[in-house]
Amino acid sequence: MDFFAFLIDGLLIGFVYGIAAMGLTLIWGVMNVINLSHGAIITLGMFGVYLAFAELGLHPYLGIVLVGMAGLLTGMVIYAVAIHRVINAPHLSTLLATFAVNMIIIGIGTAYFTTNARNVDFSLGSVKAGPVNIQVTRLVAAAFSVAVTGSLYFFLYRTKYGKYIRAVSNNREAAELMGIPSAFILALSFGLGTMLAGIAGGMIATFFPFTILSGGTYEVKSFVIGVLGGIGNPLGALIGGILLGIFEGVMPYFTETSWVPVFEFGLFVAILLFRPQGLLGAKK
Amino acid sequence: MAILEVRDLASGYGEVQILWGATLSMEKGQLTSLVGANGAGKTTLLKTVMGVVKPREGSVWFDGRNVSSLSAHKKAEIGLVLVPEGRQLFTDMTIEENLEMGAAPKRAKSKFNANLERVYVMFPRLKERRLQRAGTLSGGEQQMLAVARGLMSDPIVLMVDEMSLGLAPVLVLELFKILRQLKDEGLTLLLVEQNVQMALAVSDYAYVLSHGKVDLHGHSKDLVHDDHVRSAYLGM
Ligand SMILES: Nc1ncnc2c1ncn2[C@@H]1O[C@H](COP(=O)(O)OP(=O)(O)OP(=O)(O)O)[C@@H](O)[C@H]1O
Ligand SMILES: [Mg+2]
């Protein structure tokens, strides 16, 4: 019955992958920027929760909420400082700008925290579902991910600023002409993407130990998920995340763990070749 | 006093200069048309007035105030609104959401319900399709929506770029009638038109733009009889 344990483990982590990917694809969808600081921001989310827990003694879930709020502001500042000035430049400029942000975060982080592993020493135990033991922290994370996705939809489709984001994403110049402050909306979108990445990092920190360099793996997974689920579609990102999680979960059952990334990226390339609009179809 | 005044405006794209000192002025409640050959710089002029294209020289005055350095969304906020060439709708959003986005300026928010009612009376077809995605509308319906979205921002001066392009003559007439009616309600309008005959027939005053400069201007009823205009733009 090992198989089901792997499957459920992968499935539940997949929800969190989905949130991370949502952050990446939101930014890409709204402003056509591939955010190479995504992984570093995920790491910041991990360390944010770790510091809140280890230094301030806050409950990790409270830490995740705080990390989300801090992420929103941090993302808006990053946008204003590093990205807005190159937003209309060719892709290479925004790639370099976000890569520079990545290097700055990783550099300062390494100087301050070294690359030693950290761990949020916290557990909610496990529940037994038939033959399988499930970590409660993973159940909570999956439920929280669903809530975050639902809130994002509510925000984008039902609130003024959410609709402004969709308008700017759809046609930036028209939005500006209609009186929508497009620069602020872009900053807000980058903030939201950063918030999602930070929250995902925070949730991952409640499962696994991590180092200042851990975010990179999740950044790459986010790209794979973006391709699976399509760009600019939060539900696609969530489903893509779950699919990738399941895939990662069950693969070790059939092959050695070290082969998993090979299949993962084989899949990535295959989708790019045969269904570049994403497996689930994308908005654009 | 002029509600909108453009003084010696120069602008362009990168190395290329398109506008070479264009000057025009519009009285409140007037319907002005701006005509000129393809590539004369009409769209560039409107975009520069809005600030989407940055002015290199000259200034834009709105209601006695120099607004040259305001960004486009701030101009919309004070009532200077452009219905851009090529409609530029939010194609992934519904008709009603497009209209809602039109009402982004603060001054338009309090009048949202009344304005929505008004544009739905003007364009009943939009009301019937209010939950349809804008990208799925026919060309004519999209143009109606573009005009309606512009009206939702409760403009003081509304500039419309190439409203009639690609539309059936019946629909063009219908839209011109609506603009005429808006003018009678006190709106100031600037129309950029390919259809010079129509433009001169409905407008009070007209400017002819050529190579980025105002070549000629005058009361529309006089320009219709101008020999140069007749041969160059009316094909007579
Ligand atoms: N984004 C741009 N980049 C570079 N050149 C541009 C750009 N937009 C317009 N131009 C050039 O500027 C000139 C004026 O264009 P503009 O669109 O203002 O003309 P127009 O009078 O509106 O023409 P039409 O009647 O065809 O709409 C043209 O030669 C055009 O090629
Ligand atoms: Mg034009």
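**A chat about ligand 1 and chain A**

Reader: How do the residues of the shell around ligand 1 divide by type?

Author: They divide into 4 nonpolar, 6 polar and 3 charged, where Ala, Val, Leu, Ile, Met, Phe, Trp, Tyr, Cys and Pro count as nonpolar, Asp, Glu, Lys and Arg as charged, and the others, Gly among them, as polar. This is a predicted model, in which local features need pLDDT of at least 70 and side-chain atom pairs count only at pLDDT 80 or more, while totals for chains, interfaces and linings use all residues. Residues are numbered from 1 along each chain as its sequence is written, chains are lettered from A and ligands numbered from 1 in the order in which they are written, and side-chain values use heavy atoms, with hydrogens and water left out.

Reader: And which polar side-chain atoms lie 2.7 Å or 2.5 Å from an oxygen atom of ligand 1?

Author: One belongs to Lys42(B), at 2.7 Å, and one to Thr44(B), at 2.5 Å; a polar contact here is a pair of N or O atoms within 3.5 Å.

Reader: Switching to chain A, how many helices and strands does it have?

Author: Chain A has 11 helices and 2 strands, taken as DSSP runs (H or I, at least four residues, for helices; E, at least two, for strands).

Reader: How much of chain A counts as buried?

Author: Of its 284 residues, 51% do, buried meaning under 20% relative accessible area with a 1.4 Å probe and protein chains only.

Reader: What size of box do its C-alpha atoms fill?

Author: Taken along the principal axes, the C-alpha atoms of chain A fill a box of roughly 60 × 45 × 35 Å.

Technical notes: A polar contact is a pair of N or O atoms within 3.5 Å; within protein, one must be able to donate a hydrogen and the other to accept it, and residues adjacent in sequence count only if both atoms are side-chain atoms. Buried means under 20% relative accessible area, exposed over 50%, partly exposed in between (1.4 Å probe, protein chains only).
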